[in-house]
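Hi,

Here is the structure I promised to pass on to you. Have a look at it first, and my notes on the helix packing follow below.

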Amino acid sequence: MRQLVLDTETTGLDPATGDRVIEIAAIEIVNLIPTGETYHVLLDPERDVPPESTKVHGFTLEMLQGKPKFAAVVDEFLGFLGGDQIVAHNAPFDFGFLDAELVKAGRATLDRTRMVDSLALAKKRFPGMPNSLDALCRRLGVDNSMRTSHNALLDVKLLAQVYLELMGGKQPGLVLAAQVAAPKVTLGGLSRERTPRPIQPSPAELEAHAAFLKKLKDPLWLKPPFAEAEQGGT
């Protein structure tokens, strides 16, 4: 099962009022194992970046001018997504902005059946508790000490770890990956076919064993149903 863990940064909170996507980051996972394949791009929003938004993600218009416009990267972006599930924290927000960009580029919107909202998963697992990405990192033991701003590339790496913990797939997946990736080593001299060598006790050893059994008081294997099974098997 291939999934993409995704995050975006934007100029504001509502694409309907003209806000645009300025950063997209995504990480590929297969069967809950990160593959190392990533997608990341900074975009020219073709509009101003309000100071209040800069305080959140750290990007200014000057930093984004000259970056590609969404229409220039849409084919590469959709190619990376493929037709697989997309995991995002508060996914309707990211899907709404991406849909707005896709419509501007003359493309179809994203199928909502592909959407996996990690925030909804967290609320179901931890009802009534704070379930922001930072709160989940602290609760699930994911190190987010380097997160000083809402950078999509960093956030998506943290979200991938959080999502794996929420799905209970991190440890089993890593063990399986290690087993699959580990090279097979054949030690010299141990790969040849072995001939069975059954051990046959001597008459003296059998006599000594029988004498030892007589010393045991009321042995379990001489009682039904064990004694009956032994007689039936001989």
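H3 passes H4 in a left-handed crossing, meaning that the near helix is turned anticlockwise from the far one by less than a right angle (clockwise would be right-handed). The two helices, H3 (residues 70-81) and H4 (91-104), pack at an angle of about 115°, with their axes 10 Å apart. Axes here are lines fitted to C-alpha atoms, for helices over the stretch in contact, and angles run from 0 to 180 degrees between N-to-C directions. On the H3 side, Phe70, Val74, Phe77 and Leu78 meet Leu98, Glu101 and Leu102 of H4, where contact means heavy atoms within 4.5 Å. By class, this contact has six nonpolar, no polar and one charged residues (Ala, Val, Leu, Ile, Met, Phe, Trp, Tyr, Cys and Pro count as nonpolar, Asp, Glu, Lys and Arg as charged, and the others, Gly among them, as polar).

Before I go on, please note that this is a predicted model: local features need pLDDT of at least 70, side-chain atom pairs count only at pLDDT 80 or more, and totals for chains, interfaces and linings use all residues. Residues are numbered from 1 along each chain as its sequence is written, and side-chain values use heavy atoms, with hydrogens and water left out. Helices (H or I, at least four residues) and strands (E, at least two) are DSSP runs, numbered from the N terminus.

Which residues of H3 are buried? They are Phe70, Val73, Val74, Phe77, Phe80 and Leu81, with buried meaning under 20% relative accessible area, exposed over 50% and partly exposed in between (1.4 Å probe, protein chains only). These residues cover an arc of only 140° around the axis, which puts them on the same side of H3; the arc is that of the directions from the helix axis to the C-beta atoms. An α-helix has 3.6 residues a turn, so residues three or four places apart point the same way. On the other side of H3, Ala72, Asp75, Glu76 and Gly79 are exposed. The cover over the buried residues of H3 includes strands E1 (2-10), E2 (21-30), E3 (33-42) and E4 (85-88), along with H4.

Next, the H6 and H7 pair. The axes of H6 (residues 133-140) and H7 (residues 152-167) come within 10 Å and cross at roughly 50°, and the two are therefore oblique to each other. Their contact is made by Leu133, Leu136, Cys137 and Leu140 of H6 and Asp155, Leu158, Leu159, Val162, Glu165 and Leu166 of H7. That contact has eight nonpolar, no polar and two charged residues. The buried residues of H6, among them Ala135, pack against H5 (118-125) as well as H7.

H5 also crosses H7, at roughly 40° with axes within 11 Å, and this crossing is left-handed.

Finally, some backbone angles to look at. Most residues other than glycine have a negative phi. Leu32, however, has a phi near 65°; it lies in the loop between E2 and E3 and is buried, with a relative accessible area of 17%. Asn90 has a positive phi of about 60° and sits in the loop between E4 and H4; Asn90 is partly exposed, at 35% relative accessible area.

Best wishes

Conventions. Angles under 35 degrees count as roughly parallel, over 145 as roughly antiparallel, 65 to 115 as roughly perpendicular and the rest as oblique.
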